[in-house]
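This report describes the contact between two protein chains and the architecture of one of them. The structure is shown below.

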Amino acid sequence: MYRVNLDVFEGPLDLLLFLIKKEQIDIYDIPIAKITEQYLEYLDIIKLFDISVAGEYIVMAATLMQIKSRCLLPQQQDTGPVPENVSDPREELVLRLIEYKQFKEVSITLSEIHQKRTEMLKRQGTDFQVEFQKQDKIFEASLFDLIAAFSRVLKGIPKDTFREVIKDEFTVEEKIAQLRQKVSIGAEEIVLNVLIASAASRLEIVALFLALLELIRLKEIEVFQEKAFGEVVVKKRILEFVSSNLIEQVTGNW
Amino acid sequence: MNNKEIKRILEAMFFISTEPITVQQLKDVFIDADAGMIKEAIVTFQNELVEKNSALRIEEVAGGFQMTTSSDVFPYLRNFFGQKPKQKFSSASLETLAIIAYRQPVTKAEVEFIRGVNVDGVTTTLLERDIIKVVGHKEVPGRPILYGTTKTFLEVFGINDLSMLPQLKQFTKQDIEISENKL
């Protein structure tokens, strides 16, 4: 009985290269009928295991059969003045195979380079360095970073199967007021994760997050990261005048 | 400031820094030294470490210089610090990454054409790991996203700049017949 490890093949081109190597075929002169037959044989096995993977393999099967039929058709003769450009129907496939093979090979080289590199360790960072960097190596976190941090936190919340349904205990308005207070008193900056961890339920976290977005929009607070994918830090925005009227207007809508 | 003094201060900087240090950054520190002098001091320090068979090395990576441990002491470090969770790349992501690295800026469809398979999952993972990034849109119908590699890619693979990527092999007939495919 056949036993096929699907992970071995990275796709239809990989399978073709495998067959070419197995049969010791010259890639520039592929016996298309034979290779098509073999390819379909493997495809049958793959289909037994995984239908979704087979989709891409089927496209290649169709391509192979098309090439096969074109090879069988007689070449045009006498019809044109010069029989120019009588191209081999297999040519395009061969070029694709060669291109793919190039990248497959170089990816193995890259893997070796990476392996070597992982054996050269670099410094892991020190407390004093963190202090140095705080002042200048900060850049503004994007909305994408915020959402990424938020979804990380959401993932971390244990899922309770049974939960009491609480009626709108937390409002965005309330959270805006809380946040405003938090950034204005003493604490210069708040780490987003810590802030969110203080919330009791998913609902509260969502309210908090919306409040945060709102305050950013109103330019009352700013968010920063020390490095890409680092902790998101929430800070009061300085030197910005915000009309209190505007806030009334906006928060009233929530 | 002479070469010796610069070298001495560099030693402290490399010791502390977790990121590659560029000559440009150093020019702001050593105001009276030019790029040539700084580069020379780095190379002197680099050679010194090699000559005295130090377990530390200065590696040129991602456009800068960085202190790393020599790979021959890695087994001992691993035993001492424990096995780090390895950042491994699957062969699917390596193939995809290779195509992006050599063909950038490149669209997902172009990568898929070369690999012959869908690369949605792999590109997402590579994006999350900050190995590749969106570099723009191709000005064709649909304006598909163009991808390129990041500075992290250079660091992770210890490559100084993209021109230092290993050469793509030009295949001849024989190569393909005798190649040892890792299947």
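## Polar contacts and salt bridges

A polar contact is here a pair of N or O atoms within 3.5 Å, of which, within protein, one must be able to donate a hydrogen and the other to accept it. By this criterion, six residue pairs, both members at pLDDT 80 or more, are in polar contact between chain A and chain B. The model is a predicted one.

Two salt bridges are found across the interface of chain A and chain B. One of them joins Lys104(A) to Glu95(B), with 3.8 Å between the closest N and O atoms.

## The chain A side of the interface

Three helices of chain A, H1 (12-22), H4 (91-118) and H5 (127-136), each contribute at least two residues to the side that touches chain B. H4(A) provides the largest share, 22 residues. Sorted by class, this side of chain A comprises 18 nonpolar, 12 polar and 16 charged residues.

## Extent of the interface

The size of an interface is often expressed as the accessible area lost when the parts come together. Chain A and chain B bury about 5,000 Å² between them, and carbon and sulfur atoms account for 62% of this area. The contact involves 46 residues from chain A and 55 residues from chain B.

## Architecture of chain A

Chain A contains 10 helices and four strands, arranged from the N terminus in the order α-α-α-α-α-β-α-α-β-α-α-β-β-α. Of its 254 residues, 38% count as buried. Among contacts in chain A with a separation of 6 or more, 68% link residues 24 or more positions apart.

The accessible surface of chain A amounts to about 16,200 Å², 55% of which belongs to carbon and sulfur atoms.

How values were computed
Residues are numbered from 1 along each chain as its sequence is written. Chains are lettered from A and ligands numbered from 1 in the order in which they are written. This is a predicted model: local features need pLDDT of at least 70, side-chain atom pairs count only at pLDDT 80 or more; totals for chains, interfaces and linings use all residues. Side-chain values use heavy atoms; hydrogens and water are left out. Contact means heavy atoms within 4.5 Å. Buried area is the accessible area (1.4 Å probe) that two parts lose on being put together, summed over both. A salt bridge is a side-chain nitrogen of Lys or Arg within 4 Å of a carboxyl oxygen of Asp or Glu. A polar contact is a pair of N or O atoms within 3.5 Å; within protein, one must be able to donate a hydrogen and the other to accept it, and residues adjacent in sequence count only if both atoms are side-chain atoms. Ala, Val, Leu, Ile, Met, Phe, Trp, Tyr, Cys and Pro count as nonpolar, Asp, Glu, Lys and Arg as charged, and the others, Gly among them, as polar. Buried means under 20% relative accessible area, exposed over 50%, partly exposed in between (1.4 Å probe, protein chains only). Accessible areas come from the Shrake-Rupley method with a 1.4 Å probe; for residues, only the protein chains shown count as cover.
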